[in-house]
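Please open the model in your viewer and keep the sequence panel beside it.

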Amino acid sequence: TDDAPVTAIVGDAMDQKTVENAMDGCDAAISTFGGKTELPNGSTQTVDYTGNANFIESAGILGVTRVILVTTVGCGSSRQAIPDQAYEVLKEAIEAKNKAENLLIKYYTNTNWTIIRPGGLKSEPMTGKAILTADTSVLGLVHREDVARLVLEALYSPNTERKILSALDPSIQSSNKSDKPIEEFALV
């Protein structure tokens, strides 16, 4: 909703205390952590697991009971949705995000979590036609702005609590197009 109090926090996801401090006082929290960061010694470290684990742990410490974790199609039960070649290219990130999903599901049983797995991300203006689906076999493209909209809608929908959903935009042509109809998840 337009009047919902949402605050974006900038900080170091790799530092658990920084994440905890950023979340202090929150009723709900959303993680879109992903990617690599370069360390001072020139090596790289992925935030896909460590940053998300810090986020999940901080939510548990602070008693934040509404959590949305944005990962990717290819994690968990959606592994079969992406071709083997794409999986191999994204394997490190997918496995790290999958580990974070498992941490949330297994250990944070008192949390009303939602996991949203976008398909291929595009950095163009939203179409407003993206959907969430419980069908873990689908893969498609989706604009980042549409994912943000879906995440906020899911945040306020009790129907999404303790659910794993995929995000895609059926209006965008994709090389992974299936003839199978995609069933949209009902937010209300």
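Two strands count as paired if DSSP finds at least two bridges between them. Helices (H or I, at least four residues) and strands (E, at least two) are DSSP runs, numbered from the N terminus. This is a predicted model, in which local features need pLDDT of at least 70 and side-chain atom pairs count only at pLDDT 80 or more, while totals for chains, interfaces and linings use all residues. Residues are numbered from 1 along each chain as its sequence is written, and side-chain values use heavy atoms, with hydrogens and water left out.

Select Ile-115 first. Its bridge partner in β9 is Ile-164.

Now show the whole sheet. It is open, with 5 strands in the order β1-β4-β5-β9-β7 and mixed pairing. Because β1 (28-31) and β7 (131-133) each have a single partner strand, they stand at the edges, with one side left without a neighbour in the sheet. On average, neighbouring strands are turned by 25 degrees against each other, direction ignored.

Next, select residues 47-62, helix α2, which packs on the sheet and touches β1 and β4 (66-70); contact means heavy atoms within 4.5 Å. The direction of α2 makes about 175 degrees with that of β4. Axes here are lines fitted to C-alpha atoms, for helices over the stretch in contact, and angles run from 0 to 180 degrees between N-to-C directions.

Finally, zoom out. The chain has 4 helices and 9 strands, and its C-alpha trace spans about 45 × 40 × 30 Å along the principal axes.
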